[in-house]
Structure formats: structure tokens, C-alpha cells
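Hi,

Here is the structure I said I'd pass on. Have a look at it first, and then read on for my notes.

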Amino acid sequence: MLFWEDYQNVLVPCRGLCANTRVLLDLVYTKGDETCRLLLAAFKQVLPEAQRAGLSFGNCRTADLENTRDDTRELHGTAIQTLQTDRPDLVRRLRDHIEGALEVLLHTGSFTPSDCNEVQLPVYTPSQQARHLLDQVRSKGEPAAKVLLQYFQQTEDHPSPSNQEAPPKECLSYQKKLRSTVSAQSHFLGTYGGTSSLSLEDIYTEGQLELAQGDSEAQPQTGALGLEDVVGLVGTLNQEADTVLVSGEAGSGKSTLLQRLHLLWARGAALHDFFLLFSFSCRRLSSEQRELSLRELLFLHCCWPDGDQDRIFQFILDHPHLILFTFDGLDELMQSFSDSEQRHCCPTQCAPVPTLLFNLLQGSLMKGVRKVVTSRPEAVGPTLKRYLRKEVLLKGFSPGGIDCFVRKYHRDPTVATRVLECLRSNTALLGLCHIPVFCWIVSKCYKELLGCGEGEGSPQTITDVYLMILQHFFQRRASQRNTMGIGWVQEHQDTALHLGQLAMEGLGASCYIFTGTELQKCGVTEEDICMGFLIRSKDLSSSTNCKHYEFLHITMQCFFAALYIVLNNNSDRSTIPKLFQLQDRQQQPGFHRVCLGHCLTQQEGALKEANKAAETPNLQITATFVSGLLAQRHRSLLLLSCPGPTLDRKSKQVVTCLSKGIQKHFKSIPRPVEGEKKSMHAMPGFVWLIKCIHEMQDSRIARDTMAKLEVEHLKLTYCNIGPGECTALAYVLQHLRNPVGLQLDYNYVGDVGVEQLLPCLHVCHSVYLRHNNISDEGIRKLIEKGIQCERFQKIALFNNKLTDACTECFAHLLKMKQNFLSLRLGNNNITAAGAGQLAEGLRFNRSLQFLGLWGNKIGDKGAEAIANALKDSQTLVWLSLVDNGVGNAGACALAPLIKNSTLEELWLTKNCITRTGVECLILALESNTSVKAVWLRGNELSPEEVEEMTQREPRLTF
Ligand code: ADP
């Protein structure tokens, strides 16, 4: 009566026995009478006599259950039985046909509308819906089951599931073992280091996933991606490739996402297409010195088979489409992905692990096996991109996600509410919390957070956040001894230096897992370990007897490296300049030697090969922390540990590096072509430098670095700019002397980011925020501020989440700002009602030249309202109502605009205009000379009509 997946769902390790029992009872209940009877019969077999006597089931006492076994025999060969035996396959097939199946069940009276609603609850994934549907059908009995099976027969021409070849027995038990291994490994998150009762299940919060599309203009934003879409069909760019890349910044939740997928698979709750899942950490693979065959890699690194190894491996080779490999943290692999790597396609022949990995990702080895690999964006070069099936970007938490995470973290709702209130009152911190690792720290240190009140003391920067967790861990130990004064850094200086040295040497050597010997070399003591910044690594297969450690998170390692640079009085004077000249590091191999002293000897050979591109982000994060720690505001904290003059010298070095770095960017701006604006496209590293300046929280430094920037247009498209980056940008750019066009298209600014940008709005003549996940709420705040900014004249918001709820504020803007030039709202959700509101503003405006509403839903009514409002405009040059469901009524209403002397282009492509509408436009064009083109491609006209009309009016473009 139970399937393997049910069994897994009930027997969750670490969950209390009572909870497991309750889940079992609920499950059995949903499966209907038969299952309930069988459960009681089972009770009867296992319970001692004394307990059995009192057991009753409705009117049916246990004595009545004697015959149950015989009854169930009748079930064989029934439709219900088929649903049970073929369940995994049926779930797979049903997932895409839920609606159809429900319709039939409803139609035949097997289901009520409320049964259907229950199955289709939006919280369920399609697979969960399929399973609920099957459970419901079972509980309804044989006739319903027959209806469903008939539906399958009619709709699908797949062979019957029972005809499919079943996996051999050894493979089934290997799957069982693998599932329980994967389940155990993914039960807790590393950052909770075994010190919390929160499991992944308790705390997991959906992150924002987006497809990285080559041509985003052509691919407007689709619905949100779910976890299973990472592996699913959606967004496939290259059918031939097997590798899906999930990319995201440090701390954006890549490892956690994989861990969640692993757990769901292990419990049979997702990824049903995959019979076996093998998960690898590139960090751990990097420590594998031996040459291995693929077979050894799977069995040694993931799960050792108890049964016939040959048979199991043959099954894997024969069924690549049933196998999934995941590789976490490609950026942490010692060697960069390279195409010139030796070709290796034999699964039983040995090769160095990177060779195996690259050949797997390229598809030379185990073609057909789906692979999911995570990485930071910088580490993925064009070579790997050629082999990608698709790329999915992980963009951290949405505002709702932050809310959800905080509420899951704090079981006490009062605490959760207080933390959230605190975040809302500190939007810079809220912006940072979009990155899950920061959200975790803020939640973990909630006592410190709530204790520091609002304003000055409240954390503003990433360094503040990490100082908070540093204090938190130190405090935890200190409270046991009851000493924790103002000089808390000094008090724990030794620990900071030991761990700092370890972190630093590790970063230089691309080393993230440390042995006991390495810890000893840096003076790390048992007490330092107990602080909690280091966690035990999951055992490495190569040396299981030896303990290994890693930092709680890579950003924590960077923070300790920064502490070391700042606190170490003996550090080389060139350390800071070398750290900041990251781009030039290839020519300056001295950086590592200067910073890392002795540790490198062993790793040096490997380091030469190391992936510089992947290493840079860690050093950039370190440099960001160094800037923050050397800010004036932290001087008193560090003064007890480091002499004032040394701190001043280091701080000056940082300021000089930042200033020089920014200057270098400015110098790269090409001279403008005559008649064009002086434009600067941010080079790699620009946003990082801006973030470092922000960490210093010294407006004088921001002002000085911006003083020499003379640019009319600053282009920061596709720069991974989230709310946190917006805070830094606004902090620095507000000091620009001349007005600038700020182009932030294709980032993930969101509503919180928009709010963060407000302090620099007064220096912006134009703001471009295409494709940034902005909703009405964010826009309302932007426009409210924009109205007060004299220079603000243009805004582009193509492909966001705007609705009619924000058109009133645009109308207000148009009324209030009689120097406003361009309003582009394409590809949002504005309907006729919104267009009507917009028209109210247009009617009073005397300056607007460009109005873009492409890809909304304003229809004839909206077009009429807009045409009416603009009919006397003396400024409008360009109007786009492409793809808006505009018909003849709309076209005829727009004709008077053509008579208007200023209009040059009218875009009406992809609407539903017929000959009647076009005749109106032709008539209007007869008395106009200013219009250059009226675009009408994709309307309802025959080729003959197009031919004839083009003859009559060449300015019509079909
Ligand atoms: P990355 O691999 O991108 O560096 P991680 O997955 O290691 O990031 O995330 C860092 C920490 O942030 C995790 O240990 C966890 O505490 C928190 N975290 C990340 N993603 C989530 C999530 N989806 N739900 C809950 N917590 C998360």
C-alpha cells in the first residue's frame, strides 16, 4: 500500500517518533479504507496482545480485521492496484496533464470541484499535485481509478508502465542506499554547523531564479522559475548539451539550492525522472590527488554499492537519461575549465579528477547524463558556455523571501516581527539581506541587531554585518567566562590573527579545506576552533582518519583574511596595494608570496594553474572588507589591537588605491563621437570599487573620487546589481558634478534597490531600469522623488512588473514636470484603465517627446484615451503602441495625432487593425509631412491589401 517514496517521507531520520507516526496516519488516511484496514491488520500482527484488545477503528474492532489479508488479494488486478504498482511512472506522466485528468474525473462525477481545488493548491509542485491526485483517486475507489487509467490510455501513446523494464534488484537497493546517504548529507546546512535545531527542511526559502537568455529583449520576463525548472525543459538553449549551470554571487544560495534538490530527490519528492543522483563538491574534488576512473569517482565519492558493482555500473552506463550528476562550486576547483584538456571518454579508465570533470561537463564522458553545476559567474568562461544546455541565474531572496526566511528562522513570531521592523527601518541592511548569507547572519545576530537601535549604530555595510557576527561568536564564548568589554576585538586578537592567517593563506592557494597540520602551522588552537567560525568538513574519502576544517562560508574566510591584513602589524607594506590591483595580478605573481609567506610551497605548482578568474572575486571580497575595517568609524574598535599610525597608513593606502582604481576607469572612457554623448560602460571591477568606497562610509572620499568624472551616460547593464549595490552606487554617484544618464538595465534592482537609488536621483537626467523586477510600489517612490528633481527627464522601465496601480503616479509626474521628455513603459501589465489614467497626465503635459507602451494591454479604449489626450501635443515625436490589442477604433482615434505637426514615428506593429483602420491613417497622412513612418507589420491585412496600401502611402511600413 505504501510506495518507496511514501516510506521515505514517513521515515525521516531525526524527526521525532510521534511526528513520524502522525505523518504515517495522515498518509494512510488519504489512501482510503483499504489502506486503513491493512494498517490495523498490521498493528494486530505486531502489537502485544494486551494493547491489541483496545484497538478499534470506527465500528470495526481488530477482531474484524482477521480477514483483511484475504480481502486485499481481491485487489490484485484492479485499477487501484495498477495505480499503486505503477505509481512513480504515473506521477511522471500525470505531471503535465493534471488539468486534463481533473476535468475527466470531474466530468464523470468521480471528483467534486473541491477535490479538484485541493489537488491544484498552488503551493504544490506539479509532481506533488500528481501524487495528491493519485491519493484522492485511490480514496474514491475502483471506479475513479478506472476513469483515470482510461484517461491515460486515451491521451498517451506511451507503452503501459508495467511493460517497462524494471531496474534490477541490486540497482534498487543501491538507489535505496544512495537516497539515504544523500538524505543524511543534505539534512542540515553547513552554516548551522550542527548547533541549531533548524534543518534544511525548516529553513529553506525559495530564492529568485531567472534564465540567462542571450537575447533578453526578445524574451520578455516569463513566470518565476521553480526549483525543478533548473533541471527541466524550460529555457533550454542547446538540446545537445547535458550541463545546466546555476550561477550566482557568493552567498546567493547556490550550495543550498543544490542541497534542497538533493533532499527532495532523496525523499522522492522531486526529480522523479532520475533514478540515481550523484552529488559532488568541487571543493572536495580539488583535494582528490589520485587518478580515478568514473566508476571509482561515483562509488568512492558518493556511495559504495553493497551489491554487484558491475551490474550497477552497467545499469548506469545503459541508462544515462536516468542519472543526474551535480557539481557544487566549480569556481573552487583548482584548475580552470579548459577545452584543451585531454579527451577522455572511457568510464573505466583512470584520469585526473579535473579531466574527468571537464569531460563529463563537455559530454565526452557519459553523454546523456544530465549535469547541474553551480558557480560564481566570474569563473564561467566562454569555453564552458559552449557546452551549456542552459544557464540559470540565482539572484538571492525577493523581499517576500526575506520575510519568509526571517519568520522561519525565528519561531517566536514576536522576535521575527521585531527583526523585520528593524530591517524595514534600515533599508541599506534590508538591501543586503537579499543575499541569503547576509540574511542568515542578521537573523543569527538578532540580539545584537535589536540591541543597537536605529540610526548610526545599526549596521549599514557588509563589514558591519560581519563585525556583528564576529562579536556574536566571541560573545558566546565570553559569556561563559563573563568578560566582554568594549575592547572585544583586542580580547580575542589571537584568535582573529590565527584564523586570519589560515584564511589568508588559504585564499592565496585557492585552498578552502584545511588539515590539522595546516591549522597548527597558523597557530589555530582548539579554543579558536570552538569559537565556531570553522566547521568540520564532511569526511574526504581519501583520508578519512584525518580531521578537516573549512570556514562556515567562503565570505567568512575572506573576512578573516581582511582582519589579518588589517590587524597584523608585521604585514608587508605592499600587501594592500597588491590586493587592490587585482586586474594586474597576472603580471604580479608577487601578491601571493607577499601575503602568504611559507604556506605556498606545497601548493605552488597547482597555483600556477589555478583559476585566476575564479580567485579574483574572493580577493575582491577581501579587499571590500579591508576597506570597511579601515573606515574611520571602526578606528576606535581596532585601535587597541593595532597602533594608530599603522591603521592610518593602511587606511591611506586603501584610499589611494580606490582613487587610482576609479581614475583608471575614467581614463578608459573613449572620446565621444561628434554629436554623441560621452558615455562610459562600466568595466569589470567598477562596481566593486564603488562598493569599497561605500564600505568606508566617508562622504569626503566619495566626493573626491567622483570629482573628476565627466561623463554624460553611465552604463551598468548586466552588472549583477542588486539592492546592496544600489546603496553603494547612490552613496558615491550623488557626488557627481554633472548630470548623468544612469543605465542599469538587466540587473536585479527590485523595489528595495529603487529606494536605495533615490539619494542620487537628483544627478540623473535619465534613469534606465529595463528588466529589473520592479513593481508599482518601487516606482511610486521613485516618481515621488523624481518630481522634486529638476534634472530628471527620462525614464525607461521596459519589462518590469508594473500595473495600472502605478499609472496615476506617472500622470502626476507628467502634470507636475513640464520638462519631462521620455516615458517608456513597454512590456508591463498596463490595461485600458491604466492608459486612461496616464491620459489624464498627458493632457496637461507640454514637454513629452517619447511615449512607449509596447507590449501592454491597453486595447482600443486605452488607445482612444491616449490619442485624445495627445491630440494637441506640440512636442510628441515618437509613440509606440505595439502589441497592445489595438483595433480599428484605436487606429482611427490615433489618426488626428498624425495630423499633428511634431510626430515623426508611430508604431502600431502586432495589433489587430484591418483595412478600415489603415484607411483612417492614410487619410491623416495625406495632410502631413512630418511623419516619417507608421509601422503596421503584424496586423490583420492580406498581402494584396499590404501591396496596394504601400503603393498609396510609402510611409506605411508593413
Ligand atoms: P553560495 O553557495 O551561493 O555561496 P550558500 O548556499 O552556501 O551560498 O548559502 C550561504 C548561507 O545562506 C547558507 O548556509 C544558508 O544559511 C543561507 N541560505 C542560502 N540559501 C538559502 C535558502 N534558499 N534558504 C535558506 N537559507 C539559505
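Predicted model: local features only at pLDDT ≥ 70, side-chain atom pairs only at ≥ 80, totals over all residues.

Cysteines first. The count comes to 1 disulfide, and the bond in question joins Cys892 to Cys920, with an S to S distance of 2.5 Å. That distance is just inside the cut-off, because a pair of cysteine sulfurs has to be within 2.5 Å to count as a disulfide. The torsion about the S-S bond of Cys892 and Cys920 is about 75 degrees, so you are looking at a right-handed disulfide. Cys892 sits in helix α45 (residues 888-899) and Cys920 in helix α46 (residues 915-926), so the bond ties together parts that are 28 residues apart in sequence. Neither end is buried: Cys892 is partly exposed, at 26% relative accessible area, and Cys920 is partly exposed too, at 23%.

Cys350 itself is partly exposed, with a relative accessibility of 37%. Cys789 is in no disulfide either; its nearest cysteine sulfur belongs to Cys764, 8.2 Å away. Is Cys789 buried or exposed? At 3% relative accessibility, Cys789 is buried.

Start with helix α27 (residues 493-508) and helix α30 (residues 554-567). Their axes come within 7 Å and cross at roughly 115 degrees. That makes α27 roughly perpendicular to α30, since the roughly perpendicular class runs from 65 to 115 degrees. The crossing of α27 and α30 is left-handed. If you want to pick out the contact on screen, the α27 side includes Ala496, Leu497, Leu499, Gly500, Ala503, Met504 and Leu507. Among the residues they meet in α30 are Ile554, Cys558, Phe560, Ala561, Leu563, Tyr564 and Leu567. By class, the contact of α27 with α30 has 14 nonpolar and 4 polar residues, and no charged ones.

The other pair is helix α38 (residues 699-706) with α39. Here the axes come within 8 Å and cross at roughly 70 degrees, and α38 and α39 are therefore roughly perpendicular to each other. The contact is made by Ser699, Ala702 and Met706 in α38, which meet Tyr731, Val732 and Leu733 in α39. Those residues of α38 and α39 divide into 5 nonpolar, 1 polar and no charged.

Last, the backbone. Tyr718 is not a glycine, yet has a positive phi of about 50 degrees. You'll find Tyr718 in the loop between β15 (713-715) and α39 (723-733). Asn773 also has a positive phi, near 60 degrees, again in a residue other than glycine. Where does Asn773 lie? Asn773 is in the loop between β17 (764-768) and α41 (776-786), and at 22% relative accessibility Asn773 counts as partly exposed.

That's the lot from me.

Cheers

Notes. Residues numbered from 1 in each chain as written. Heavy atoms only, no water. Helix = DSSP H or I, 4+ residues; strand = E, 2+ residues; numbered from the N terminus. Buried < 20%, exposed > 50% of the residue type's maximum accessible area, 1.4 Å probe, protein only. Axes fitted to C-alpha atoms, helices over the stretch in contact; angles between N-to-C directions. Parallel < 35°, antiparallel > 145°, perpendicular 65-115°, else oblique. Left-handed = near helix turned anticlockwise from the far one by under 90°. Contact = heavy atoms within 4.5 Å. Nonpolar A, V, L, I, M, F, W, Y, C, P; charged D, E, K, R; others polar.
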